[in-house]
Amino acid sequence: MKAAYRVTLRSIGTFDSVNVILVNYLLLPLVSLIMFLLIAFGASQDYSRILVGSVITTGIGIVVASTVYDQNINLLDDIFSIRPTFKNYWLVKFVIAAVVLSLETILLGVIGLLVLNKVNIIPRLFLALPFEIFISVLLAYFCAVWGMKKENPYWLSNIVTGSLIILAGMIIPVSEYPTWLKFFAELLPISNLIDWIEKNSFFNQDMLILLVKILVWYLVCLLSTKIFFSRKQER
């Protein structure tokens, strides 16, 4: 099992060395956070929504990058033939993504919310971590599966991460969107998570909707797997 983690870590370009890890997951995020806070101080917009929601893209990037590496070294053909267990293949990628996502959330989230005087949100930020991880790995898996064996395996992950700020309601609540945009935004559970973080009650409508959407996305991922492997067998 340790070997699986070592191999997966090497398959992610941003984990090539300690220096690269520090630059990509500490230095650059801190610089972005500083710029973010400088903007927030000069505006009336509530930037805490962006702060607590943007880390989800980190998990997506890690899982997809590792899967693309497997494709580049022609490992996917072996995966299709031997069908390794979830624990031996996907779980390793998910655990690494979850650890990095958690560290970024704790570091950048706590610092940012303290500076933005949103201390009351910090406890709920920790409570939201498991949901952030589930959402991130589900979206990452969905993007990775539909990117397999494609000329551009990043096509879907680029679309998802690029539109995440708008579709997740990180700038303004989804409830204020026009109907056509609200339809697409409601497909994701992230806006419900952010709304839940900002409210005082633990069990509320946002929590219920969040759990239902996570279950739906889990079923979508299972269906995507069946469709993809059935097409592969037909070929």
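Modeller: In helix α9 the buried residues are Leu-156, Ser-157, Val-160, Leu-164 and Leu-167. This is a predicted model, in which local features need pLDDT of at least 70, side-chain atom pairs count only at pLDDT 80 or more, and totals for chains, interfaces and linings use all residues. Residues are numbered from 1 along each chain as its sequence is written, and side-chain values use heavy atoms, with hydrogens and water left out.

Colleague: What do "buried" and "helix" mean here?

Modeller: Buried is under 20% relative accessible area, exposed is over 50%, and partly exposed is in between, with a 1.4 Å probe and protein chains only. Helices are DSSP runs of H or I with at least four residues, numbered from the N terminus.

Colleague: What covers the buried residues of α9?

Modeller: The cover includes α4 (56–72), α8, α10 (179–185) and α11 (190–198). Contact means heavy atoms within 4.5 Å.

Colleague: Where does α9 bend?

Modeller: A bend at a residue is the angle between axes fitted to the seven residues ending there and the seven starting there. In α9 the bend is about 25°, at Thr-161. Just after α9, Gly-169 has a positive phi of about 70°.

Colleague: How do I read a pocket as against a cavity?

Modeller: Both are sets of points on a 1 Å grid over the protein atoms alone: in a cavity a 1.4 Å probe fits but cannot get out, while a pocket is an open set with protein on both sides within 12 Å along at least five of seven lines. Lining residues have an atom within 4 Å of a point. Points are joined across faces, edges and corners, and a volume is the space filled by probe spheres set on them.

The second largest pocket holds about 350 Å³. It has 15 lining residues, and Leu-167, Phe-184, Leu-187, Leu-188 and Trp-217 are the closest to its centre. The most lining residues, 5, come from α9.

Colleague: How many cavities are there of 30 Å³ or more?

Modeller: There are 2. The largest cavity has about 40 Å³ of space. Among its 10 lining residues, the closest to the centre are Thr-67, Val-68, Ala-144, Gly-147 and Pro-153. Helix α4 supplies the largest share of this lining, 4 residues.

Colleague: Why does Glu-104 count as buried?

Modeller: Glu-104 counts as buried because its relative accessibility is 8%. This residue sits in helix α6 (residues 90–115).

How values were computed: Helices (H or I, at least four residues) and strands (E, at least two) are DSSP runs, numbered from the N terminus.
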